[in-house]
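This report covers a strand arrangement, the helices packed on it and a set of charged side-chain pairs.

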Amino acid sequence: SITHSLLAVQTIDTLISGSTLDVVFILQDKLICANVGDSRCVLGIENGNDNIKDKYTYIELSKDHHPDDPKEQERIVKKGGTIKQRYDKLLKKYIGPKRVYVKNMDVPGLAMTRSVGDEIGRGVGIISEPDIKEYALTGNERFVVLASDGIWEFISSKEVVEVVGRYYDGKDIKGAVDGLIEMACQRWKKKDNYVDDTTVIIGFFG
């Protein structure tokens, strides 16, 4: 598996660190997506409407692996893990999203239920097995967006497709990436004093 391959590389510390994973490839007339964690892959499809807000529909090719998902939660609990919000000692209250913990410990504190690495969470149901989705290409696909949760935290898949669609006709792929990152940063700063990891990869078809 990917995790076992990482563990074999002695220079990478995967005990309490890890990553999400999104992979997309095209095989003849099929697009195949494999994902682990809460990075997301969205496909932009042109539907013939001239209004830019309705010109593109979207399909989410990946599945977010969050502790709120009943099936993911069931696996964690069965393995003896605990799912709860992080307790802020200064504010004296629970804050943020639900996270996965080893019972009676403050680790790993993951806001996802699958990852590559994070070896300390393997005993409580954190897995690196990907969800795989096949999509039959129709010819109306215009672009694909892969991004970390720094984008998806405050921007919906629909909004992402609208933003990228504005740059598609001019084939301005850099503008599309910069536009998404700028929007994400603005929304993070309105909500928090920091900006989470914000990584974007965009592919234009044709």
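In which helix do K174 and D178 both lie, and how many residues apart? Both are in helix α5, four residues apart, about one turn of the helix.

## Basis

The model is predicted: local features need pLDDT of at least 70, side-chain atom pairs count only at pLDDT 80 or more, and totals for chains, interfaces and linings use all residues. Residues are numbered from 1 along each chain as its sequence is written, and side-chain values use heavy atoms, with hydrogens and water left out.

## Sheet and helices

Four strands form an open antiparallel sheet, ordered β5-β4-β11-β12. Helices (H or I, at least four residues) and strands (E, at least two) are DSSP runs, numbered from the N terminus; two strands pair if DSSP finds at least two bridges between them. β5 (56–60) and β12 (200–204) each have a single partner strand, so one side of each is left without a neighbour in the sheet.

Five bridges join β4 (residues 40–46) to β5, and I45 is opposite T57 in β5.

## Salt bridges

There are twelve salt bridges, each a side-chain nitrogen of Lys or Arg within 4 Å of a carboxyl oxygen of Asp or Glu. One of them joins R142 and E46 (2.8 Å, N to O). R142 lies in β11 and E46 in β4, so the pair ties together parts 96 residues apart in sequence.

K174 and D178 form another (2.7 Å, N to O). K174 is exposed at 59% relative accessibility, while D178 is partly exposed at 36%. Buried means under 20% relative accessible area, exposed over 50%, and partly exposed in between (1.4 Å probe, protein chains only).
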